[in-house]
Amino acid sequence: MRATRPERGPSTRLGTGLYLITPDAREPARLLERVAPLLPFAACLQLRCKSMDADALREAASLLRAACRGAGVPFIVNDDARLARESGADGVHLGEHDGGIAQARALLGAGAIVGVSCYDDLERARAAKAAGADYIAFGAFFPSPTKPGARRARIGLLRDSAGLGLPRVAIGGITPDNAPALVEAGADLVAAIGGVFDAPDPIAAARAYLSCFGTDGNA
C-alpha cells in the first residue's frame, strides 16, 4: 500500500516542480540560448554562474530576467541580493555566508522571494522561517558533481520540516530516478543543473523530473 504523502508547503509563486539552476557559463548569450527552451518546464530559474565576471553576470541577469518574464517564470539570483535588485529579479537565494533575510528584504522589498539554504540543519530552517524566509532548501541529498564536498542531508528532513509551513526545495545530485523518494517525503520542488543541462535531450530530462510530480510541463 502506498504511504500517505506528507503535507506540502503552502502555495507560492514558485509552485511545485522543477527548480532549474543555470549551468556554469562564461558567455551570457550562450547561457540564454541553453536556458530559454527549458523555461516552460521550470517552476523557477536560479542564476548561479561562478565563472562569470561581474559585467558578464549583470548581462546574464538582465537577459534571463527578461526571458523569465516572458515565460511567466520567477527569476531568482543566487547569493547576491544587490544583483537581484539591479536586474529586477523576483528574488534571491541565500547561503550561510550571503547575508541575512532582513538585509535582502531591505534591498528587494517585502514582495521579493527570499529562499534560504538549510543544508542538513532543521534548526537553521526554523530560524529561516522565523526571519521571514519564503522557502527553504535542504541538501545535498545525493553526491553532487556541482558541490562534491557538500554536507549530506537525510531524506527525513523533508518530513520533519513539514510543520514549518514553508515550501521545501530538495537539492544535490537529484535525478529523475531518485527524485520520487524526495517528492514522496515532502519536497515541493527538486533542483537540477547537470541532470537537465548535461542530458542528451535537456527537454526530455526536464519532462522526466516533472513526471515525478504527475505532470510533464506546459509546452
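Colleague: At the start of helix 5, which residue's backbone nitrogen does a side-chain oxygen of Asp-121 reach?
Modeller: The model is a predicted one, and the distance is computed from its atoms. Asp-121 sits at the start of helix 5, and one of its side-chain oxygens comes to within 2.9 Å of a backbone nitrogen. That nitrogen belongs to Glu-123.

Colleague: Which residue follows helix 5, and what is its phi?
Modeller: Helix 5 covers residues 122-131. The residue that follows is Gly-132, with a positive phi, near 100°.

Colleague: Within what arc do the buried residues of helix 5 fall?
Modeller: Leu-122, Ala-125 and Ala-128 are the buried residues of this helix. Seen down the axis of helix 5, they line one face, because they fall within an arc of 110°.

Colleague: Which exposed residues does the face of helix 5 turned away from its buried side carry?
Modeller: Cover on the buried residues of helix 5 includes helix 4 (101-108), strand 5 (113-119), strand 6 (135-138) and helix 6 (156-160). The face turned away from the buried side carries exposed Glu-123 and Ala-130.

Colleague: Within what arc do the buried residues of helix 9 fall?
Modeller: In helix 9 (residues 202-211), Ala-205, Ala-206, Tyr-209 and Leu-210 are buried. Seen down the axis of helix 9, these buried residues line one face of the helix, since they fall within an arc of 140°.

Colleague: What covers the buried residues of helix 9?
Modeller: The buried residues in question are Ala-205, Ala-206, Tyr-209 and Leu-210. Their cover includes strand 1 (17-21), strand 8 (189-192) and helix 8 (194-197).

Colleague: What radius of gyration does the protein have?
Modeller: The protein has nine helices and eight strands, and buried residues make up 50% of its 219 residues. A compact globule with 219 residues would have a radius of gyration near 17 Å, so the protein agrees with that at 16 Å.

Conventions: Residues numbered from 1 in each chain as written. Predicted model: local features only at pLDDT ≥ 70, side-chain atom pairs only at ≥ 80, totals over all residues. Heavy atoms only, no water. Buried < 20%, exposed > 50% of the residue type's maximum accessible area, 1.4 Å probe, protein only. Helix = DSSP H or I, 4+ residues; strand = E, 2+ residues; numbered from the N terminus. Arc of directions from axis to C-beta. Contact = heavy atoms within 4.5 Å. Rg over C-alpha atoms; globule rule 2.2 N^0.38 Å. Polar contact = N/O pair within 3.5 Å; in protein donor to acceptor, adjacent residues only side chain to side chain.
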